[in-house]
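Biologist: Shall we go through the side-chain contacts of this model together? Please state the cut-offs as you go.
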Amino acid sequence: MEIEKKDIRALSKDELRAFFVSNGDKAFRGNQVYEWLWTKGAHSFEDMTNLSKATRMVLETNFVINHIKVDTMQRSEDGTVKNAVRLHDGLVVESVLIPTETRTTACVSSQVGCSLDCNFCATARLKRMRNLEPAEIYDQVIAIDKESRLYYNHPLSNIVFMGMGEPLMNYNNVLKAIEMITSPEGLGMSPKRIMVSTSGIPKMIKKLADDEVKFKLAVSLHSAIDSVRAKIMPFSANFPLKELREALEYWYRKTKSKISYEYVVWKGINDDKASIDALVKFCKYVPCKVNLIEYNPIDDGEFQQASEEAIAAYIIALQAIGVVVKVRRSRGKDIDAACGQLANKDA
Ligand code: SF4
């Protein structure tokens, strides 16, 4: 019976060094292989040209490299690029490159499907199939970095974990991927340029603070009224806003890093005065900014973009208490790459 080979990128540098020592080779060989895998992005052992044939054979016998493959790449009229990324087991996730005049941002996925059930989100209609491995997250970033260089002549400047999945439900792998992205052996990107966006799981937010992460945190808030939020994101009934608030206060005490609230205003759902007042109150608890995100309906159901007047009312109320508000116009709508639209339609 053939033994299933392990993905070599699941090994740390120390584990690779130990592997070579246990095979009668030098520990240093582990460093060389690690560099090939992460710094040079080798997709096969054959590529590792400074290793002897015998060493490459040993690797081939024991391991595989489960790299991703960009199956299809679509470019939107506004320059947004969407990759459908095939994983080694045939599953597909999507990641997006969003260009602005001054920078390029990668929006990456952390799970295949999603564990949660936000009613406005296309990804929620796919059940969660599995968590992505650290290397699979890293590869999405590398693929987008290449596209950024190719189409926009500069390296990727920012990363947001706002693609498919709830990143904090794949906590260890997301943190490992970020470790590689920020490490000098990986992309060497500053953690300040990375934002992890969560639907707001209090226990995990506290864990991030305890782990002293250096990246930024965004919370998909969408309502500061429990009953309304539970209609938008049913799982949030398990995490009352009071608990979320405590976790965010804890985060800020430990990290001194402002929170970004992601907030969509929907017609007839949260476009009323009570919703605005509740958000204003919530924003006073922890230093924060608010991103009002334009919504892309995924069907003709109850979630439809609110009027410009409703959005203006939010802006006025938040600015009155000194909160920075940005309106995020959706990008890549024509290729279903906009917020909440990632759903492997073409897979
Ligand atoms: S919005 Fe995010 S957390 Fe909610 S279902 Fe969609 S992918 Fe999951």
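Biologist: Over which ring does the charged end of K40 sit?
Modeller: The charged end of K40 sits over the ring of W36, 4.0 Å from its centre. A charge counts as over a ring if NZ of Lys or CZ of Arg is within 6 Å of the ring centre and within 35 degrees of the ring normal. This is a predicted model, in which local features need pLDDT of at least 70 and side-chain atom pairs pLDDT 80 or more, while totals for chains, interfaces and linings use all residues. Residues are numbered from 1 along each chain as its sequence is written, and side-chain values use heavy atoms, without hydrogens and water.

Biologist: And what about R245?
Modeller: The charged end of R245 lies over the ring of Y285, 3.6 Å from its centre.

Biologist: Changing topic, how many aromatic pairs are there?
Modeller: The count is 13 aromatic pairs; rings of Phe, Tyr and Trp (its six-membered ring) pair if their centres lie within 6.5 Å, with planes under 30 degrees apart stacked, over 60 edge-to-face and the rest tilted. F235 and F239 have ring centres 6.4 Å apart and planes at 65°, so this pair is edge-to-face.

Biologist: Is F235 buried or exposed?
Modeller: F235 is buried, at 8% relative accessible area, whereas F239 is partly exposed at 21%. Buried means under 20%, exposed over 50%, and partly exposed in between (1.4 Å probe, protein chains only).

Biologist: Which rings cluster with F120?
Modeller: Ring pairs link F120 with W266, Y295 and F303. W266 is buried at 0%, and Y295 is buried at 5%.
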